[in-house]
Amino acid sequence: MYLSKLSILQFKNHAEQNFELHPKLNIITGLNGSGKTNILDAIYYLSFCKSYFNTADALNIKRDNDFFVLQGNYHIGEGVENVLCSLKRNQKKTIKRNQKEYERLTEHIGLFPLVMVSPNDIVLLYEGSEERRKFIDSILSQYDKNYLHNLLQYNKTLQQRNALLKFFIENNRFDAISLEVWTETLIKCGNYIYTARVQFMNVFQDLVLGTYSQIANQNDNVTIYYESQLATYTYAQGMANSLQRDRSTGLTTFGIHKDDLIFKIDEQPLKKMASQGQQKTFLLALRLAQYSLLRKHCGRPPLLLLDDIYDKLDTLRVANLLQHVLGDAFGQVFITHTNNSMLITTLQQQAIEYNHITL
Amino acid sequence: MHYPSRLMEQVVEELSKLPTIGKRTAMRLSLHLLKQQPEQAIALSHAIEQFRTGTQYCEQCHNISDTAVCNICANTMRDHSLLCVVEDVRDVMAIENTAQYKGVYHVLNGLVSPMDGIGPDDLTINSLLQKVQNNQVAEVILALNTTVEGETTSFYVFKRLQHFNVKVTTIARGIAHNDALEYTDELTLGKSIANRINYEYVR
């Protein structure tokens, strides 16, 4: 699958742009603020019906204009699929595939798989554990509908249980059976999620570390593991042990909503001890591992968007990264970069064909 | 907004207090009432008044009723040992429309939801336990929504009934009639495979 034509009208800082694209490699260069990332965001939008940056939809319309239109032609096997996204100020957005409008956006999401690698991924290291759980949940939910169902049930039940605990505190009363029904649902859904996460991490771990050493040419002794209270206690035990604490804090203190992914280098926390380049390499490895799982699941290579490829990486690692993503395991790749001479030299040395977009 | 008539303003105000009705819709409705014959509007206000002051909750099943005991509970032809637990009147009507059920109902008038401040005591669960305790019931059928709140309420009722000598069942979940398997959502299909039943020719 590849995107052969992209047209952008009044989207973010772009007035009107039309691009013919290369099936394998597309380089977008330009100065700061010229709108490189916004082109990637337009491609992201066509796959996910929303901006990568999760901005309010109206803000994606170019200033002083009333609407934006994005259009892409995707080649899949022999056929061509046309996707059109448009939004008029104060109106519902429309997504059309081959001139036919969708009834629900969820029907579209997933048909044109895509992975974005952005400097923004740093939140996976620096923000709280919620970001990392969201990361694994988004991967798992894509191919296990049961996982998504259990996760939604779990979150709803957790809110209800916490509301009940607070009610007990405020009214100075307690009713064991009322609490138990919520607790047991948490245990049932939580166990499913825990088992799925353990199985997933067994595969994912090796993928991440393998990709890391390919880009870094060494493994830097990085490790990734899954941390959960459930490794120590069974669900029922854990919930029973924390009952008193839960009743005094009004919060559920045990469960898979406390899980985390731990990243280490030389047994030390990656975010403190690793260099910026090592951190970036690690984040790339996470995204590329996500890519290969997604590819396996979809049966066709997703689009790969690499925003600001030289961000914190040395030339050797960029060369390794390029070699890696230009291999057969990957499909169409988009790369943005401020200074084209460095990148172009590397590509010409290796006699790689590409399409160059200069902004 | 300035209204030419204070009386009209009053009607618009009252109508727009209803759920899903905004000022604009309320305005349209009131203009419509004005165009109709006066009898129409009077019949409407009369119906609302009678409905609000005349209805009550059945003292047995807690469904909405015009009499102290509703038609279903008063019907001696129905099986009073079979009790179907539902959330509200809409579910009673849905099951009655199937014409398959000959037992009686127990209406909870809500579901347990701490976030909305609804606990078991706010529902009619105690009256249900009373019926079971008095040995009036042989089987309780739980027919609640499959949402988190519905499932949890079922579970709560089940826990409270566990110690009594009563059979507790729940309605089956699975493929809808005349539905193609390929269009059934994965969750339902997965559950119906897991909870498959012995083959039986059903007409």
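Two strands count as paired when DSSP finds at least two bridges between them. With that in mind, here are some close-up views of this predicted model.

**View 1. A five-stranded open sheet in chain A.** The sheet is made of 5 strands in the order 8-12-13-3-14, and their pairing is parallel. Strand 8 (114–117) and strand 14 (355–358) of chain A stand at the edges; each has a single partner strand, so one side of each has no neighbour in the sheet. From one strand to the next, the twist averages 15°.

View 2. One pairing to pick out is Met116(A), whose bridge partner in strand 12 is Leu305(A). Helix 9 of chain A lies across both strand 8 and strand 12, and its direction is at about 175° to strand 8.

**View 3. The largest cavity.** The search gives 2 cavities of 30 Å³ or more, and the largest holds about 50 Å³ of space. Which residues line the largest cavity? From one stretch of the chain come Val117(A), Ser118(A), Pro119(A), Asp121(A) and Ile122(A). Gln276(A), Gln279(A), Lys280(A), Leu283(A) and Leu284(A) belong to the lining too, along with Asp311(A) and Lys312(A). Helix 9 (residues 276–298) of chain A gives the most to this lining, with 5 residues. Sorted by class, the lining has 5 nonpolar, 3 polar and 4 charged residues.

**View 4. The second largest cavity.** Here the space comes to about 40 Å³. Its lining consists of Val117(A), Lys280(A), Leu284(A), Leu306(A), Asp307(A), Asp308(A), Ile309(A) and Leu321(A). By class, 5 of these residues are nonpolar and 3 are charged, with no polar ones.

**View 5. A salt bridge between Lys12(A) and Asp41(A).** Across all chains, the structure has 22 salt bridges. In the one shown here, the side chains of Lys12(A) and Asp41(A) meet at 2.6 Å, N to O. This pair links distant parts of the chain, its two residues being 29 residues apart. Lys12(A) sits in the loop between strand 1 (2–11) and strand 2 (14–20) of chain A, while Asp41(A) is in helix 1 (residues 36–48) of chain A.

Definitions and conventions. Residues are numbered from 1 along each chain as its sequence is written. Chains are lettered from A and ligands numbered from 1 in the order in which they are written. This is a predicted model: local features need pLDDT of at least 70, side-chain atom pairs count only at pLDDT 80 or more; totals for chains, interfaces and linings use all residues. Side-chain values use heavy atoms; hydrogens and water are left out. On a 1 Å grid over the protein atoms alone, a cavity is a set of points where a 1.4 Å probe fits but cannot get out, and a pocket is an open set with protein on both sides within 12 Å along at least five of seven lines; lining residues have an atom within 4 Å of a point. Grid points are joined across faces, edges and corners, and a volume is the space filled by probe spheres set on the points. Helices (H or I, at least four residues) and strands (E, at least two) are DSSP runs, numbered from the N terminus. Ala, Val, Leu, Ile, Met, Phe, Trp, Tyr, Cys and Pro count as nonpolar, Asp, Glu, Lys and Arg as charged, and the others, Gly among them, as polar. Axes are lines fitted to C-alpha atoms, for helices over the stretch in contact, and angles run from 0 to 180 degrees between N-to-C directions. Contact means heavy atoms within 4.5 Å. A salt bridge is a side-chain nitrogen of Lys or Arg within 4 Å of a carboxyl oxygen of Asp or Glu.
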